Amino acid sequence: MNKIKISFPDGSNKNYKKGITPKEIVESIGPGLAKAAIAADVNGQLVELTTLINENAKIEIITFDTHKGQDIFHHSTAHIMAQAVKRIFPKAHLTIGPSIEGGFYYDIDVRPLKPEDLEKIEAEMQKIVDEDHELIRKKVTKAQAKKLVKDNPYKIEMIEEFPKGEEITYYQQGEFIDICRGPHVPRTSSIQAFKLTKASSSYWKGDSSKKSLQRIYGVSFPDKKMLRKHLQMIEEAEKRDHRKIGKELDWFSFHKEGAGFPFWHDKGTIIWEEVYDYMKEMLRKKGYQLIKTPIILNKDLWLRSGHWDHYKENMYFTNIDEKEHAVKPMNCPGGLLVYKSNVHSYKELPIKAGEFGLVHRHEMSGVLAGLFRVRCFTQDDAHVFCTEEQLEEEIIKLINLTLEVYQTFGFKEFQIELSTKPEKAMGSEKMWKHAEESLKKSLEKLNIKYKLNPGDGAFYGPKIDFHIKDCMGRSWQCGTIQVDFSMPERFDLTYEGNDGKKHRPVMLHRAVLGSLERFLGILIEHYGGKLPLWLSPEQARIITVADRFVKYAETMAEEMKEQHIRVEVDDRAESIGKKIREAQLSKVNYILVVGEKEEKDKTVNVRTFYNKVLGAKKTSTFIKEIQKEIDEKTLPKE
RNA sequence: GCCUCCGUGGCUUAGUGGCUAUAGCGGCGCUCUCGUAAAGCGCAGGUCGCGAGUUCAACUCUCGCCGGAGGCUCCA
């Protein structure tokens, strides 16, 4: 295939040699047409021309596999949807309709939509696809553009906000036009498979004081097979939903008597405590102190910490002896009182104090989401007090600790972000610079890639955030390392230097898991409930073939329990098949079937929760093997 | 908090302006004593989220509240 055929939106076709530069194309057909062919059809594949023309590069075939290709696809589908909406609701005003990761949406000023409306819109979209309109790009002046959308106040507002000198273009397909930069697919028939996934609401420009709009979400693909695969993936993700698993496996629950406050059941508590024990041991090994501070403290403290002025919206209050108190939304003030209860020497630094503190935050009701977003949670918090010189070394230690923990839990995908000084900030320029440099240098020394978020730091100091990805590709902030210039000042923290004078320590806040509750939610979805053995609430279940083997099963269970293995016996008079099925559904790591053979040979017949039958093993061997698996915190392998 | 949708035994779920509101799982009882993803029969269990209104009559229609899902926004 040395030739490529380019079909332009005006209907003309031309053949070119492969490797031709866009400049040569422009010369051969004239600039007007080339500019119009933002996304042309090359042998049935999408090609984006404009940017390439500007860069004088070779033609690049853009397919759906590329980010850009998907972007074009989704955005064009948004246009088709908008056209369909306009046909069904002629009075609707379109606002903005971008492509997003994995799909698209369009915000439309129209009456609230019902599911059957979405079906109607989908049907109309199919018609538009079948009508096979060309998408034609045209350039207009500001005045012309305004005329085109004269009935739509949103579009007029957008056009008015257009930067001076930037060219305004619109796309037309059939009777429909929309102001848009593009690029787009050449014809509506390029969109072979799409689905509107949900309707919800949003605000014009994301501002809750502005008018409420209807947002319709959808996905689109070049062929139906890909759509089917996509829908299957969503189904799989739904199966892994930690809220569903938590209920089914009796791990935790939520009740209307306390919206957003999780209740941990016995099995959930086991998982919780395994995570807690692991973290606690880790901190002890790394030279941390562990402290516990009260949940309710009086107004004076919160005034001093600044929370009363800056965080009141999110706090819960109560009165004790007619004095105002607040439930802690953060652990630091309590930790600071612990620091202040002694005089400290430079020889003690760095002081690292960990606290698994239960904090309460009044979140808006609409944001609550299972364990991912709750109103009370346990932070694996710690505060490090050190000298400026120690800062970089301590940060490196914290980063290493965080990565080690994530690895243990089997999280390989994460993103690290460095946020620097915001406009409104406290502390001197010099301090900020030093702290930002320390964070940056630490990351670079460890050869860690990170994303820079300039101006995104807290007012009291810069920070590094760790985001881990769950099975649905959603990214959750877990770990954080924050430098704090504010608290040491507010609480007048000091240490005695070797010069005999008082100095101000640097304070670091850090969390690795962030919130134990949220982290467990992520963990559950990551593993779809099939947890690593060391975390699993039920590590093994012994299933008896018939009643006369119950005694043998119980002896074995005793033996395993003595070795701290969490094992249960299913001695019900049910069929083996049923008992195995139920054990599988309750995500028990090892299913041990015992009957005549096993009793005679002192063995167990092993099957894993990945449905692998490992066969008969000596009971003693099995115990040794899984003890090793527990101790080494081995990750499950399918 | 705002918008859309939802709320029926422990769980999943059918259904209707009017007689005693489905069914499956689970639970309990009996039978079977069984070899790797659901044995058979029987029984119990629901003021249809809560409150008010419309109506001769409301689980069903309307409104308010509570809770949930998705989104806006916020965030660990």
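These are my notebook entries on a predicted model.

**Ground rules.** I number residues from 1 along each chain as its sequence is written, and chains are lettered from A and ligands numbered from 1 in the order in which they are written. For this predicted model, local features need pLDDT of at least 70 and side-chain atom pairs count only at pLDDT 80 or more, while totals for chains, interfaces and linings use all residues.

**Cores.** I looked up the nonpolar cores, meaning sets of buried Ala, Val, Leu, Ile, Met, Phe, Trp, Tyr and Cys residues joined through C-beta atoms within 7 Å. Buried means that 20 or more other C-beta atoms lie within 10 Å of a residue's own, exposed means 12 or fewer, and partly exposed is in between, with C-beta atoms placed from the backbone. The largest core holds 79 residues, and L520, I542 and L592 have the most contacts inside it. Domain 3 (252-527) and domain 4 (533-631) each give at least three residues to this core; the domain bounds come from an automatic or database domain assignment. A second, separate core has 32 residues, including F73, I168, Y170 and Y171.

Not counting residues up to four places away in sequence, L592 touches A540, R541, I542, I543, V604, N605 and V606.

**RNA strand B.** I call a residue near the strand if its C-beta atom, placed from the backbone, lies within 6 Å of it. There are 58 residues around RNA strand B, and S200, S201, G366, G595 and N605 come nearest. Which element supplies the largest share of this surface? It is α19, with 7 residues. Helices (H or I, at least four residues) and strands (E, at least two) are DSSP runs, numbered from the N terminus. Elements that supply at least two residues each include β12 (193-203), β13 (212-221), α17 (516-527) and α19 (576-585). By type, the surface divides into 20 nonpolar, 20 polar and 18 charged residues. Here Ala, Val, Leu, Ile, Met, Phe, Trp, Tyr, Cys and Pro count as nonpolar, Asp, Glu, Lys and Arg as charged, and the others, Gly among them, as polar.

**Sheet.** I traced an open sheet of 8 strands with mixed pairing, in the order β16-β20-β21-β28-β25-β24-β22-β23. Its edge strands, β16 (289-290) and β23 (451-453), each pair on one side only; strands pair if DSSP finds at least two bridges between them. β22 (residues 414-419) and β23 pair in the parallel sense over 3 bridges. E417 stands opposite K451 in β23.

The peptide bond from L349 to P350 is cis, with omega near 0°. P350 sits in the loop between α13 (332-340) and β20 (351-360).

E322 is not a glycine, yet has a positive phi of about 60°. Its loop runs between β18 (316-320) and β19 (323-327). Is E322 buried or exposed? E322 counts as exposed because it has 5 C-beta neighbours inside 10 Å.

K602 also is not a glycine and has a positive phi of about 55°. K602 is in the loop between α20 (596-601) and β32 (603-608), and counts as exposed, with 11 C-beta neighbours inside 10 Å.

**L493.** This residue is in the loop between α16 (486-490) and β26 (495-496). L493 is partly exposed because 19 other C-beta atoms lie within 10 Å. L493 and V506 are 13 residues apart in sequence and 9.2 Å apart in space, C-alpha to C-alpha.

Key. Two residues are in contact if their C-beta atoms, placed from the backbone, lie within 7 Å.
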